[in-house]
Amino acid sequence: MDKAIVYVVSDSVGETAELVVKAAASQFQSFEINIKRVPYVEDTGTLTEVITLAQENQAIIAFTLVVPEMRDFLTSEAEKAGVPIIDIIGPMVNQMKQSYKKHPREEPGRVRQLDEDYFRKVEAIEFAVKYDDGRDPRGILKADIVLIGVSRTSKTPLSQYLAHKRLKVANVPIVPEVEPPEELFQVPANRCFALKITPEKLNNIRKERLKSLGLSDNASYANVERIKEELDYFNELVEKIGCEVIDVSNKAVEETANVILGIYTNKPHRK
């Protein structure tokens, strides 16, 4: 036989079964194995058609069918037709059911759902990195959440934490000498969160930051009067935007993130 056919049958996309078949096929170099995927199978009529084709072409059927009735039908009919079949997921599910005394969901597409969830998280993390610290104001209008605050109010770690919750977050530093991006006034206020902090707390944080960098804590960056000037400007800007204000003075990143999530998930959001 110079060429063979394997029909990959699934009640979902069929990627799992196809990968297994490809891995097995890679072990045979003397002839070509043609893989034909039959995804989203929901009725026995389709299974009957595939069995007929497999019989005519002397093919194998590899399948991932999680609904027991569909699996049993294919197994029974293929046996009658003399068509060899390989159940890729069934034996593992059955063994887990037997060993762990748990009943499987029997829902098609679960792996696909997990994969999509993973890629949404990765996308959100990449978004947070790309639009961190106001480096590209175009991200403001694309974001699910926009964080604003003066320097050292945990904007970056908050963005990353929320990104792991699959939310696209952009953050913008507020500095009196720098005009805020116009996009900040275009984004719906209920998607923007202002991170408020007391002058005393910020003074301590900035002094520690300077020390960690080997610099003098007498720099204007940690000067109380300078800090108050920044916070006054910040408060004026927040009033113009009309966004939600969260005091982060005595909150850990996780606490602040949970507050934001609680507000965000309980409000309608306009894009």
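Tutor: Start with the second largest pocket: α7 (155-163), β6 (169-173), α8 (199-212) and α10 (253-265) each supply at least two residues of its lining. α7 gives the largest share, four residues. This is a predicted model, where local features need pLDDT of at least 70, side-chain atom pairs need 80 or more, and totals for chains, interfaces and linings use all residues. Numbering runs from 1 along each chain as its sequence is written, and side-chain values use heavy atoms, without hydrogens or water.

Student: What is the volume of the second largest pocket, and which residues are closest to its centre?

Tutor: The volume is about 390 Å³. The lining has 23 residues, and Ser151, Arg152, Thr153, Ser154 and Lys155 are the closest to the centre. A lining residue has an atom within 4 Å of a pocket grid point.

Student: How does the lining divide by class?

Tutor: The lining has 10 nonpolar, eight polar and five charged residues. Ala, Val, Leu, Ile, Met, Phe, Trp, Tyr, Cys and Pro count as nonpolar, Asp, Glu, Lys and Arg as charged, the others as polar.

Student: Why is α7 called oblique to α10?

Tutor: Their axes are 10 Å apart, at an angle of about 60 degrees. Under 35 is roughly parallel, 65 to 115 roughly perpendicular, over 145 roughly antiparallel, and the rest oblique. The angle falls in the rest, so α7 is oblique to α10. Pro157, Leu158, Tyr161 and Leu162 of α7 touch Val253, Glu254, Thr256, Ala257, Asn258, Ile260 and Leu261 of α10. Eight of these residues are nonpolar, two polar and one charged. Contact means heavy atoms within 4.5 Å.

Student: Why is α8 oblique to α9 (residues 224-241)?

Tutor: The axes come within 10 Å and cross at roughly 120 degrees. That value also falls in the rest, so α8 is oblique to α9. Pro199, Leu202, Asn203 and Arg206 of α8 meet Val224, Ile227, Lys228, Glu230 and Leu231 of α9. The classes are five nonpolar, one polar and three charged.

Student: How do you know how α2 (residues 44-56) and α3 (residues 68-81) are oriented?

Tutor: Their axes cross at roughly 30 degrees and come within 10 Å. The angle is under 35, so α2 and α3 are roughly parallel to each other. Thr44, Leu47, Thr48, Ile51 and Gln55 in α2 meet Met70, Phe73, Leu74, Glu77, Ala78 and Ala81 in α3. Seven are nonpolar, three polar and one charged.

Conventions:
Axes are lines fitted to C-alpha atoms, for helices over the stretch in contact, and angles run from 0 to 180 degrees between N-to-C directions. On a 1 Å grid over the protein atoms alone, a cavity is a set of points where a 1.4 Å probe fits but cannot get out, and a pocket is an open set with protein on both sides within 12 Å along at least five of seven lines; lining residues have an atom within 4 Å of a point. Grid points are joined across faces, edges and corners, and a volume is the space filled by probe spheres set on the points.
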